[in-house]
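Let's walk through a structure together, one feature at a time.

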Amino acid sequence: MTQHETATKKTIRTWPIVVLTMILLLSLAVWYFYRHYLADNRWKPLLQAQLKELVLRSSDSLYHIEYSDFDLNITSGNATLSDFKLVPDTLVYQKLVAAKKAPDNLFILSVKKLSIKNVGARKAYQEKILNINNISIDNPSLTIINKRYDFNDTVKVGKPKTPYQLIKKIFKQLRIDSVSLKDISVNYINQSNPVTKQTALKHLDINISNVMIDSLSALDSTRFYYTKSVEVILHNYKIATPDSLYNAELKQIYFSTAKREIILDQVTFLPRYNRNEFYRRMGTSGDIFTLKFKKITIVDIDLQRFLRDQKLYAGIMNVSNANVQIYSNNAYKGKKSIKTGHDPHQSLQRVALDMKLSRLNIAHTDIIYSETDATTGQTGVITFNNTSGAIVNVTNDARAKKKNPFMVARIKTHFMKTAPLQVNFKFNLNAKNGAFNYSGTLGKFDGRILNKLVKPLALVQVQSADVERLDFNVDANNYNGKGHLEFYYKNLKVQLLKKVNGRAELQTQGFISKVANTLIIEKDNPDKKGVFRPGPINLKREPTASFFSFLYKGLLDGLKPSVGFDKKTENKVNKIVAKVSTVVDKFNKFKADRKQRKVERQTRRQAKKDSINRIKQKQSL
């Protein structure tokens, strides 16, 4: 585990402690003033000095406070603190560093306004039970400066005191109905590495309900850090990825400990540059992702496991109304990126946060894959529209994978907005070679919708095809795919194409296409005699082939023998095409030469005619 990861985890644990410490400090201050000064009406001249002294003692002089005004109404039990600041003393901190007693985290806190309502000061004085109706904190700004010290890893500091152990000599019970922190700004500065890193959060709201600290509250399993509920809302969050190629944006993040759920609204993951600039900055070819999600919900989160082990165990994640676009450019002239080991289930294993989702539900999602071909320079497109389904056992956790090593996906969608498609995936999460299986059924459709894909990528145009059904089952991994395909169709007719230098549009190969349709391509499957041609799949995977590219190329490998274009026939056709192309090229050259000779003859005749006319004109003069 890196120092940065350790520091981050400690910061996660520190958050609720910081909030509770603030609450305890304020509550103790209110009680302290009443106990020592309010009861005897002696508090006003000594209020500021005593409050500052209380903070200095509680922090061993590391922190001091500043504020513009503190108002306390004993009749209503209301208190207001304005322009509050908690400021560390850097000289004291350096002395603690020298003495090897300094904490890893240093806090700087400012609050525009802090209000406390309905403090039961008399009950606190008489019964040692402090009840507060509400604490409201407006515009708090918290800076956390983290610097890891080796002595904090080796010195035994003992078990920290619980909140109840801190207050039990003063109160038997502390109860706060609600705490609200509005428009929080958090700036985390990591100085543990040679290069300082900063992470900032703004527009964060936290609502805490029913805080209870007594001798039994720590044992209450229905409470989260002595509260019945903590709600965290983050507005308009935006961050660039570490490689600076993408921006991740969220309109709102909502988290509730009572509901044990996280809701992400309007999530986008967008490239920061156009395609050419993106590849230039990346330095290699690869996939470019454009992701948009209307809502993502995670429910049944195991909070105790997350806080104790920093593992995200949850029941269900729901993803709805998403748009996923994936673009790949095989025509990229630079270094090709290696995709081996980067399939979805393998990428999941590299996620830094250990996680396990029992189920991932997908609804109303469009997936668009486009690929630019190196030969044609044109882009083929596959779309999967209105996609829904479920993925079970989404995990990278070693213990969970030992119990169940397979992640299974069952998906329903519409291929090219038309054909119903059901596809199942079974990913082996422990397989070193990235083994997985995909199988499914594609329903009835007009084969011409394939032209968006096969024209630019396979140099074939489907002129007609009535597809009845396509069934497939493929075992695949990082290196190859093997399986079979059953393709049922009628009235297949194609036009073969070629790329001609200097011309943007693909050119038809009329004569060769007629030969192919007449002598090679089977019109129907099964044929008129009822003989069915299966489509065996045996495809070697290129290291640069992406996951989606490998999927459709595997199916294309099975389609060829299904239409009568098997390996043996393909070799013969290539020879015939080469010969025919040579003959056609010679014929076209002969036509061009004859046309050129005709033009030259016409030019000579015209020149001779012009010469005769000039002579006649001179003679007439």
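Q: Over the ring of which residue does the charged end of R275 sit?

A: That would be Y327: the charged end of R275 is 3.6 Å from the centre of its ring. You'll find another case at R305, whose charged end sits over the ring of Y313, 3.9 Å from the centre. Keep in mind that this is a predicted model.

Q: What is the average pLDDT of the protein, and which residues have a pLDDT below 50?

A: pLDDT is the predictor's confidence in each residue, on a scale from 0 to 100. Here the average is 83, and 84% of the residues score at least 70. Residues 1-17 are the stretch to watch, with a pLDDT below 50. In the model that stretch has 31 contacts beyond near neighbours in sequence.

Q: On to rings. How many aromatic pairs does a search of the whole structure find?

A: The search turns up 19 aromatic pairs. Take F425 and Y438: their rings are stacked, 6.3 Å centre to centre, with 25° between the planes. This pair links distant parts of the chain, since F425 belongs to strand β17 (residues 419-428) and Y438 to strand β18 (residues 436-442), 13 residues apart.

Q: Are F425 and Y438 buried or exposed?

A: Both are buried. Y438 has a second stacked partner to look at, F436, at 6.0 Å centre to centre and again with 25° between the planes. Y438 counts as buried because its relative accessible area is 3%, under the 20% cut-off. F436 is buried too, at 4% relative accessibility.

Q: Which residues form one aromatic cluster?

A: The cluster is made of Y369, F425, F427, F436, Y438, F472, F547, F548 and Y552.

Q: In which helix do E277 and R280 lie?

A: They lie in helix α7 (residues 275-282), three residues apart, or about one turn of the helix. The general idea is that an α-helix has 3.6 residues a turn, so residues three or four places apart point the same way. In this case the side chains of E277 and R280 meet in a salt bridge, 2.7 Å from N to O. E277 is partly exposed at 21% relative accessibility, whereas R280, at 56%, counts as exposed.

Q: With which residue does K339 form a salt bridge?

A: Its partner is D287, and the closest N and O atoms are 3.7 Å apart. Here the pair ties together distant parts of the chain: K339 is in the loop between β13 (311-329) and α9 (344-349), D287 is in strand β12 (residues 287-299), and 52 residues separate them. K339 is buried, with a relative accessible area of 11%, and D287 is buried as well, at 18%. Elsewhere, salt bridges that share partners join E277, R280 and R281 into one network.

Q: Let's zoom in on one residue. In which strand does T395 lie, and which backbone nitrogen does its side chain reach?

A: T395 is in strand β15 (residues 379-395). Its side chain reaches the backbone nitrogen of D397 at 3.0 Å. T395 is buried, with 0% relative accessibility. Leaving out residues up to four places away in sequence, T395 touches L348, Q349, M355, K356, A400, K401 and L429.

Q: Last one: in helix α11, which residues are buried, and what covers them?

A: In α11 (residues 451-458), the buried residues are N451, L453, V454, P456 and L457. Their cover includes β14 (354-372), β15, β20 (460-476) and α13 (547-562). Following the helix comes L459, which has a positive phi, near 55°.

Technical notes. Residues numbered from 1 in each chain as written. Predicted model: local features only at pLDDT ≥ 70, side-chain atom pairs only at ≥ 80, totals over all residues. Heavy atoms only, no water. Phe/Tyr/Trp six-rings, centres within 6.5 Å; stacked < 30°, edge-to-face > 60°. Helix = DSSP H or I, 4+ residues; strand = E, 2+ residues; numbered from the N terminus. Buried < 20%, exposed > 50% of the residue type's maximum accessible area, 1.4 Å probe, protein only. Lys NZ or Arg CZ within 6 Å of the ring centre and 35° of its normal. Salt bridge = Lys/Arg side-chain N within 4 Å of Asp/Glu carboxyl O. Contact = heavy atoms within 4.5 Å. Polar contact = N/O pair within 3.5 Å; in protein donor to acceptor, adjacent residues only side chain to side chain.
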